[in-house]
Amino acid sequence: MGKTARGINLNRDKLLLKGISVKIRKAKNALRQIGYNAANVSAKEFYDYMTGEIFSKDKTTLLDVLGNEFLMVHELVEMSELKRMWRTIDKKVIIDSPKTVIYEAHFKAIELELEYAMFKKDYFWAKIRLKQHKESVLEDDPNLPEILKPRSKEIFNRFSNLVKKHNKRSM
Ligand SMILES: [Zn+2]
């Protein structure tokens, strides 16, 4: 690559990392409103985590996440929980960590994401994510450790009931 092209890419990376920092700060504030203290996650860690290797067929991209406050909240919680379980956030953390660790972080993340959706009264988003959780985790996930199945069901039932209650109220 020539000098100019490289320079342009460097600027683009800088801008991207700057953009990620801003979004992390926003997600952190959002989480504070529902009583969760996120760990310090750098833009570089966030970038590596979102573009690293995975074992599932999840196709969510970095840009999808940056464009959605609920997904931002989700990923930030996930990384925070992994850090608290002493994992290093890099491109290989998902494939190098025990499945129980990954799923525990993911379940905490979906829980906080749903709590935040309820807090923002976005029941539509909560419904979509519950449906995805049901189809991709509860019903069809060969990677989910047996020991965590009850937890995954409990999350589904608890939040489905909350959403249902709201739907009744609004009728
Ligand atoms: Zn997750």
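Let me start with helix α4, where 12 of the 16 residues are buried, so this helix is largely enclosed by the rest of the structure. By buried I mean that 20 or more other C-beta atoms lie within 10 Å of a residue's own, while exposed means 12 or fewer and partly exposed means in between, with the C-beta atoms placed from the backbone. The buried residues of α4 are F70, M72, V73, H74, E75, L76, V77, E78, M79, S80, E81 and L82. What I show is a predicted model, in which local features need pLDDT of at least 70 and side-chain atom pairs count only at pLDDT 80 or more, whereas totals for chains, interfaces and linings use all residues. Residues are numbered from 1 along each chain as its sequence is written.

How far should the 16 residues of α4 span? At 1.5 Å a residue they should span 22 Å, and the end C-alpha atoms are 22 Å apart, which agrees; the expected span is 1.5 Å times one less than the number of residues. Just after α4, W86 takes a positive phi of about 65°.

Now to the core. The largest nonpolar core has 35 residues, and those with the most contacts inside it are A27, L31, V41, V73, L76, V77 and M79. Such a core is a set of buried Ala, Val, Leu, Ile, Met, Phe, Trp, Tyr and Cys residues joined through C-beta atoms within 7 Å. The elements that give it two or more residues are α1 (3-33), α2 (43-51), α4 (69-84), α5 (93-96), α6 (99-119) and α7 (123-138), and α6 gives the most, with 10 residues. If we leave aside neighbours within four places in sequence, M79 is in contact with V41, E45, F46, Y49 and I89, where contact means that two C-beta atoms, placed from the backbone, lie within 7 Å.

As for α6 itself, this helix has 21 residues and reaches 30 Å from its first C-alpha to its last, close to the 30 Å expected, and α6 is followed by K121, whose phi is positive, near 60°.

Finally, the whole chain: its secondary structure comes to eight helices and zero strands, these being DSSP runs numbered from the N terminus, with helices (H or I) of at least four residues and strands (E) of at least two. With 171 residues, a compact globule would have a radius of gyration near 16 Å, and the chain has 17 Å, which agrees; this radius is taken over C-alpha atoms, and the globule rule is 2.2 Å times the number of residues to the power 0.38.
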